[in-house]
Each structure stands twice: as structure tokens, then as C-alpha cells.
Amino acid sequence: MNTMKWLIKREFWEHKGGFFWAPMIVGALISALIALPAFYFAAKGDDVQVRINGEIRSGGEAVKQFSQRMTPEQMTLVTDAAASSYMGFAGPLAGLLGFVLFFFCLNALFDERKDRSVLFWKSLPVSDTETVLSKVAMALAAAPLVTLACAIASALFSVLAVTLAASMVGVGSLSALLTTPALYYSPLLVAAMLPVFAVWALPAVGWLLMVGAWAKSKPFVWAVGVPVLVGGLIAWLNKMFALGWDTSWFWKNIVGRILLSIVPGSWFGLNTLDGSYQVGIRQTQVSMLLDKSWQQFVNPNIWIGAIAGCAMIYVAIRLRRWRDEG
Amino acid sequence: MSDTMNNAVNTPPVVSARGLTKRYGKTTAVDNIAFEIPPGRIIGLIGPNGSGKTTTLKAMLGLVPFEGEMKVLGKDPRTEREALMREVCFIADVAVLPRWLRVSEAIDFVAGVHPKFDRTKAERYIANTKLKPSMKVKEMSKGMIVQLHLALVMAIDAKLLVLDEPTLGLDILYRKQFYQNLLEDYFDEQKTIIVTTHQVEEIEHILSDLMFIRDGKITLSATMDEIGERFIEVMVAPDKVEAAKALKPIDERQVFGKSVFLFDGVPRGQVAALGETRSPGIADLFVATMKGTYA
């Protein structure tokens with residue numbers, strides 16, 4: 001277990017930029033993009049001209065009037081939405097994480113062979129199984145946790161900033177926000193999606209690690225080119241011989257699962273049980289997304305993918321054990 | 001002294017190989033070799049490029065599959081690699097430390113995963129160099145990288161240390177320093193070192209045993225003492241050349257118009273009559289026995 005701790009630390013040392021600085025900076029940027037205009041409007045809102053129903057008013061007044069027309073129920077809804085805005089922050093950061101993880105998994109077992117540092121790692125009493133599993137743990141648990149922390153921090157900061165700015169022009173109140181339960185439980189709801197991600201992303205992590213452990217050069221070309229070429233070949237055969245195959249099945253369940261499943265939340269788009277399963281704007285309530293995420297576990301797709309992922313991770317371990325680096 | 005000798009006889013060998021063979025496709029890199037390495041020795045494994053020395057070391061370290069039998073510290077490197085790596089250390093090549101690694105991280109990591117790592121020893125060694133804890137490998141010269149690697153390796157209380165061309169590409173100051181540190185601060189009767197290098201002359205004086213390998217076969221395996229007894233070089237005047245040739249020298253070369261003959265196992269008294277004798281260096285022996293390798 002101690003070895004695992006050091007192996008994970010080692011990954012953070014090597015990939016500080018992708019796993020730590022990138023989500024920090026993007027989170028901070030989003031926060032700044034939200035907080036700065038809010039405060040600007042709060043301070044200079046009266047200078048802004050807004051046209052409402054043909055009347056020209058100052059911005060600050062318009063907001064005030066608008067908020068005064070809202071019923072208390074509507075007001076609560078707005079506060080609620082603000083308090084559960086974590087998903088909004090998790091979204092871009094999840095995309096970023098998917099991008100970072102894709103290249104992390106692809107290069108994790110390739111770069112060490114390219115620069116021959118694998119010979120140094122192998123001179124230590126750490127098994128290939130431990131090493132490869134540490135990279136899996138990094139991709140499926142440690143890195144998502146850091147990103148989640150960044151998302152929560154930047155969501156909290158932004159919501160507080162906007163509420164503070166609004167209360168400066170006399171709209172809403174900070175105390176209303178702070179007493180909204182959603183502010184406290186929505187981070188947990190977002191965090192509760194991590195197990196779904198860990199199982200969902202297994203085939204992609206396995207595929208990318210395996211290709212990285214196997215390829216002599218250009219792992220990206222192999223990892224992306226092979227599934228895409230096979231997909232193209234199938235489509236061509238289908239057309240040439242009028243086989244009547246459902247080629248979209250291959251793209252969705254093979255190509256998509258081994259390449260795109262690495263993006264957290266990709267299950268919403270890739271794995272639709274029925275037509276109604278599309279994410280709409282009205283369904284962005286965190287708890288609904290969570291429900292849909294955990295519903296994945298009743299779908300055999302996620303389990304078949306997970307088993308395939310574990311098999312490919314096993315192959316990656318064997319490859320690292322016996323690959324001769326010349 | 002006799003205690004050490006007895007130990008060497010009674011304790012099981014550090015490495016033993018029988019029928020060790022390694023093929024890459026149709027080429028045979030290591031061809032059915034057998035050897036035993038007792039503890040407390042410094043063995044030089046010497047051979048031309050492509051002779052199979054690195055492959056032999058890789059097999060020993062469990063880095064490649066092979067045919068035949070081999071035990072390292074009583075363990076099969078193919079199936080018991082992790083346990084073996086607690087007792088065995090190796091420097092496979094210069095500059096295999098990852099470029100992003102800092103000195104402090106390297107020490108933290110090895111201290112974290114290696115039960116036999118002595119942190120203070122590594123730090124003491126590094127304090128004597130120009131390395132700084134915050135320094136990254138990519139900022140270091142080749143010589144400094146080797147200093148860091150050696151600091152890590154010497155702080156590990158391993159039973160077997162394998163060095164494959166550890167000083168390749170270093171200048172002579174670093175090379176001398178490297179072997180001096182190894183000998184003074186690391187080596188003792190409980191440890192065994194196997195080293196390959198092309199700079200044979202530089203390690204000649206620290207070796208206790210010599211193993212020549214050529215085309216995947218061991219062509220010579222002896223202690224340095226035995227080699228001193230077996231091989232004699234004689235500078236022969238022109239009138240005695242025929243007599244010298246009758247004793248079947250293994251090599252002949254010309255120096256300042258005189259012939260120098262190398263004899264293997266010919267009694268010293270017989271040879272001394274031919275001219276001035278001396279013990280050949282490893283480099284001379286190597287050149288003599290490897291003639292025609294690249295022809």
C-alpha cells in the first residue's frame with residue numbers, strides 16, 4: 001500500500017501540469033469570467049442602458065425591478081439553481097480532464113520505454129502489476145478527485161461572488177444562498193458520479209495503456225487509427241455487399257467506448273437506453289444527472305466494457321513485464 | 001583471510017546458469033552458456049558489441065525471457081523478479097533516469113519503495129557533488145546523472161549490483177570517481193558486482209574475475225590470479241622466433257621490430273628462456289582472443 005502511495009505521488013510529480021495546474025487555471029479562469037462582470041455590473045450597473053419593453057432604463061434599476069416582480073417561489077428557484085451550479089463548472093473541467101487523461105494513459109507506458117527510464121523503474125522492487133495499476137488508479141480516482149476539488153472550489157467562489165454582487169445592488173441575499181441546502185449537497189452529488197466514471201472509463205483506460213505498452217512508435221496513430229480504420233472497413237463492406245449491418249453500433253459501442261469513454265460524463269451521450277435519455281437543458285438538475293449516471297449500472301454495456309477494460313489492463317501488465325527494450 | 005575463502009566455497013553462488021540460451025528470431029544472442037558467480041567478487045564481463053553480454057545481464061535481471069536454467073540468489077528471475085529486485089540493483093545504461101525527476105523526488109521515491117535504502121547515505125554522497133535537491137535530471141550533465149544514479153544505488157544494501165556500461169560517454173574524471181566510490185564506499189565481501197565496459201584498462205585493477213564472451217559463448221572465465229599465471233607475454237629477439245612459434249603462441253604482434261608472443265598455459269620457465277616476459281593486460285588479452293570478430 002505504501003508503494004502505491006509513492007507511485008501515485010510519482011505520477012503527480014511527472015504530470016503536475018496536466019493534473020494540477022490545468023484544472024486550477026481553467027477553474028480560476030471560469031470563476032474570474034463570472035465574478036468580474038458581476039462585480040463590474042454591481043458597481044457600474046447604473047451606467048448601463050437596458051431596453052425593457054421599449055423603455056430605456058439603467059441596468060441596476062432594471063435588475064432590481066425584474067427581481068421585485070419575481071414571486072418568492074421563483075426567487076427560491078433562482079437561488080437553488082445558483083447553489084447547484086457545480087455541474088456547470090464540472091462540465092468544462094470534465095472535458096479538460098478527459099483530454100489530459102487520454103494522453104496520460106496513451107503515453108504512461110510508452111514514454112518510459114522511449115526514454116528508457118523504464119529500466120530505472122524496473123531496477124526497483126516494484127512489480128509491473130503495481131506500476132500499471134497505479135496508473136489506472138491515477139486516471140480513475142486520483143486525477144478526477146483533484147479536478148472535482150477544483151470544480152467545487154471555483155463553483156463556490158463564483159456563486160458567492162455573484163450573490164455578493166447581486167446583494168450589492170439590493171437583489172437577493174447572501175444568507176438566502178448560504179441557507180440553501182443545495183449549496184452543500186450538490187458537490188456530494190457530483191462526487192457520487194466518480195464511481196460511475198471509474199467503471200465507465202475502464203475500456204478506454206485499458207485500450208490506451210495497452211497500445212502505449214505495445215506500440216514501437218506513434219501510439220496515437222495506433223490507438224485512434226486502428227479503430228477508425230476498422231470502422232471504415234466495416235462501413236465499406238456493409239455498403240459494398242449490402243449486408244444491412246447497423247454500423248453505428250460499432251462506432252458507438254467499440255470506437256466510442258475505447259476512445260471517448262475517457263471523458264467524464266460521456267455516458268450521457270454515448271450510452272442511451274432510449275430516446276428520452278438525452279440530456280436537455282431542463283434536466284441539468286444535479287440529482288437528475290446523478291440518477292441517470294447510476295442507472296448506467298443496470299445497463300450491461302458498462303459491465304461488458306469494464307471486463308474488456310480489465311482484460312486490456314492485464315495485457316498491458318504482461319507487455320510491460322516482458323517487452324524487450326533492446 | 002581463510003575464513004573468507006571458506007565462505008566463498010561454502011556459500012551458494014550468487015548467479016548460476018546452465019544451458020542459458022536466448023534467441024531473437026533466427027539469431028542466437030546467447031548460446032547455451034553455463035557459469036557460476038560466487039559472492040564477494042567483482043566480475044568483468046567483457047565482449048565486443050553484439051556478443052551477448054547485455055542479453056546475459058538482462059536475462060539475469062529478469063528483463064527478458066530465456067531458455068535454460070538460471071538462478072540469481074536462489075531465485076528464478078523469470079518468475080520471482082519482484083523479490084529479486086530487493087536484493088539486486090542495476091544501472092542499465094547512462095541517462096535512464098526520467099528527465100522530469102528532481103534529486104529530492106528521486107530520493108523520496110526510492111526511500112518510499114525500497115526496504116533496503118539508506119536515505120542518509122544517499123544524501124551524504126550527494127552532498128559531495130554539485131547536485132542540488134531541487135535540480136531536475138534534464139538540467140544535469142551526463143556525469144551528474146550518473147552521480148545521482150550511483151548515489152541511489154550505493155545507498156541500497158543489495159547483494160548483487162549489475163552495471164552495464166555505467167560510464168559510457170563520461171569523461172575520465174567522472175569515470176575514475178565512479179569506480180573509486182564503488183570500491184571505497186560500497187563493495188565488501190557480502191556484495192558481488194558484475195560490470196561490463198569497453199574501457200577495460202580502467203577497471204582492470206578492481207576486478208577479481210574475468211569473463212570473456214564472444215558470439216554468445218563464454219571464451220574465457222577465470223580469476224585475475226589464474227589469468228596472471230596462465231598468460232605470459234614475451235618479447236622475442238628475431239633469432240628465437242622459430243623456437244617461440246614451436247610453443248604454439250595464441251597471438252603474435254610486432255613492437256619496434258621485435259615479435260611479441262602471447263602464451264596460454266605454457267610453463268613460465270620454458271617461456272623465460274625466449275626473452276623478456278610480462279603479464280599481459282586485459283586489453284591485450286581481449287584483442288588477442290577476439291581477433292576476427294568483425295571480419
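Student: What makes both faces of strand 8 of chain B count as covered?

Tutor: Good place to start! In this predicted model, B:D209, B:M211 and B:I213 on one side of the strand are buried, and so are B:L210, B:F212 and B:R214 on the other. A residue is called buried if 20 or more other C-beta atoms lie within 10 Å of its own. Side chains in a regular strand alternate between the two faces of the sheet.

Student: How do you know which strands pair with strand 8 of chain B?

Tutor: Two strands pair if there are at least two bridges between them. Strand 3 (residues 42–46) of chain B has 4 bridges to strand 8, in the parallel sense, and strand 9 (residues 217–223) of chain B has 6, running antiparallel. Both therefore meet the cut-off of at least two bridges. You can follow this at B:L210: B:G44 stands opposite this residue, while its bridge partner in strand 9 is B:A222.

Student: What lies between strand 8 and strand 9 of chain B?

Tutor: The two strands form a hairpin with 2 residues between them, and B:D215 there takes a positive phi near 50°.

Student: Which residues have the most contacts inside the largest nonpolar core?

Tutor: They are B:V88, B:A151, B:L161 and B:V162, in a core of 92 residues. Helix 6 (residues 142–154) of chain B gives the most to this core, with 8 residues.

Student: Why is this core said to lie between domain 1 and domain 2 of chain B?

Tutor: Domain 1 (2–215) and domain 2 (227–289) both give residues to the core, so it lies between them.

Student: How do you know that B:A151 is in contact with residues beyond its neighbours in sequence?

Tutor: Contact requires C-beta atoms within 7 Å. Even leaving aside neighbours within four places in sequence, B:A151 is in contact with B:A122, B:Y125 and B:I126.

Student: How far apart are the centres of the two domains of chain B, and what makes up their contact?

Tutor: The centres, taken over C-alpha atoms, are separated by 35 Å. The contact takes 6 residues from domain 1 and 6 residues from domain 2. On the domain 1 side, helix 8 (200–203) and our strand 8 each supply at least two residues. That side divides into 4 nonpolar, no polar and 2 charged residues.

Notes. Residues are numbered from 1 along each chain as its sequence is written. Chains are lettered from A and ligands numbered from 1 in the order in which they are written. This is a predicted model: local features need pLDDT of at least 70, side-chain atom pairs count only at pLDDT 80 or more; totals for chains, interfaces and linings use all residues. A residue is buried if 20 or more other C-beta atoms lie within 10 Å of its own, exposed if 12 or fewer, and partly exposed in between; C-beta atoms are placed from the backbone. A nonpolar core is a set of buried Ala, Val, Leu, Ile, Met, Phe, Trp, Tyr and Cys residues joined through C-beta atoms within 7 Å. Domain bounds come from an automatic or database domain assignment. Ala, Val, Leu, Ile, Met, Phe, Trp, Tyr, Cys and Pro count as nonpolar, Asp, Glu, Lys and Arg as charged, and the others, Gly among them, as polar.
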